[in-house]
Amino acid sequence: MKNIPFHPLADIFPSIYGTEFVALKMDIKEHGLREPIVMFDGQILDGRNRFRACQETGTEPRFVNYAGDDPTEYVISLNLHRRHMDESQRSTVAAKLETLKRGEHGKDANLHVSRTKAAELLNVSERSVASAKKVLNTGAPELIEKVEQGEIKVSEAASIAAMPKEDQQEIV
């Protein structure tokens, strides 16, 4: 099975791992892929965890092309309803969305998502987005992962991210 790149919008949400990913693989192995993988501009827009599970289980994936006009809101809407994310996790997603470069939202979308809009889309405060951006910009990878997995609040992580990376790693 060939490797297909993930669309930048797909990457604003953390991938699933551990028991959650094992459960997805088991379900796909037993029942097949129930929901197709959504493609946009030759990249996976939605379904990268399903794609990974198909690769690991040897299941043939099915693909459909995205047919809407707002891939940003599509990805956010699907993932917010599918996942049980706390405010810190949603703030991190909003910070990643705000950070995407102009044009990464889709070939027809020549816009930059402001912090205000990103906060609104993810139902978090702009202050939380600012804290998440600080963590993403200056946090050690282990610290970022803990926030994305819902193990540390973004407000606490922002304070830790102000420390040297060695200290961050020791704390985490």
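Predicted model: local features only at pLDDT ≥ 70, side-chain atom pairs only at ≥ 80, totals over all residues.
## Confidence

The protein chain has a mean pLDDT of 89, and 92% of its residues reach 70 or more. Within the chain, strand β3 (residues 63-65) has the highest confidence, at 97, while α3 has the lowest, at a mean of 86.

## How the helices pack

Two helix pairs are worth a look. Helix α4 (residues 87-99) packs against helix α6 (residues 126-138) at an angle of about 75°, and their axes are 8 Å apart. The two helices are therefore roughly perpendicular to each other, since angles of 65 to 115 degrees count as such. On the α4 side, the contact uses Glu87, Ser91, Thr92, Ala94, Ala95, Lys96, Glu98 and Thr99, which meet Ser128, Val129, Ala132, Lys133 and Leu136 of α6. Sorted by class, this contact holds five nonpolar, four polar and four charged residues.

The other pair is α3 with helix α5 (residues 115-122), whose axes cross at roughly 35° and come within 10 Å. Here Thr72, Glu73, Ile76 and Leu80 in α3 meet Lys117, Leu121 and Leu122 in α5. Four nonpolar, one polar and two charged residues make up the contact of α3 with α5.

## The largest pocket

Two or more lining residues come from each of α1 (18-31), β2 (43-46), α2 (48-57) and α3 (71-82).

What classes of residue form the lining of the largest pocket? The lining divides into ten nonpolar, seven polar and eight charged residues.

Definitions and conventions: Residues numbered from 1 in each chain as written. Heavy atoms only, no water. Helix = DSSP H or I, 4+ residues; strand = E, 2+ residues; numbered from the N terminus. Nonpolar A, V, L, I, M, F, W, Y, C, P; charged D, E, K, R; others polar. Axes fitted to C-alpha atoms, helices over the stretch in contact; angles between N-to-C directions. Parallel < 35°, antiparallel > 145°, perpendicular 65-115°, else oblique. Contact = heavy atoms within 4.5 Å. pLDDT = per-residue confidence, 0-100.
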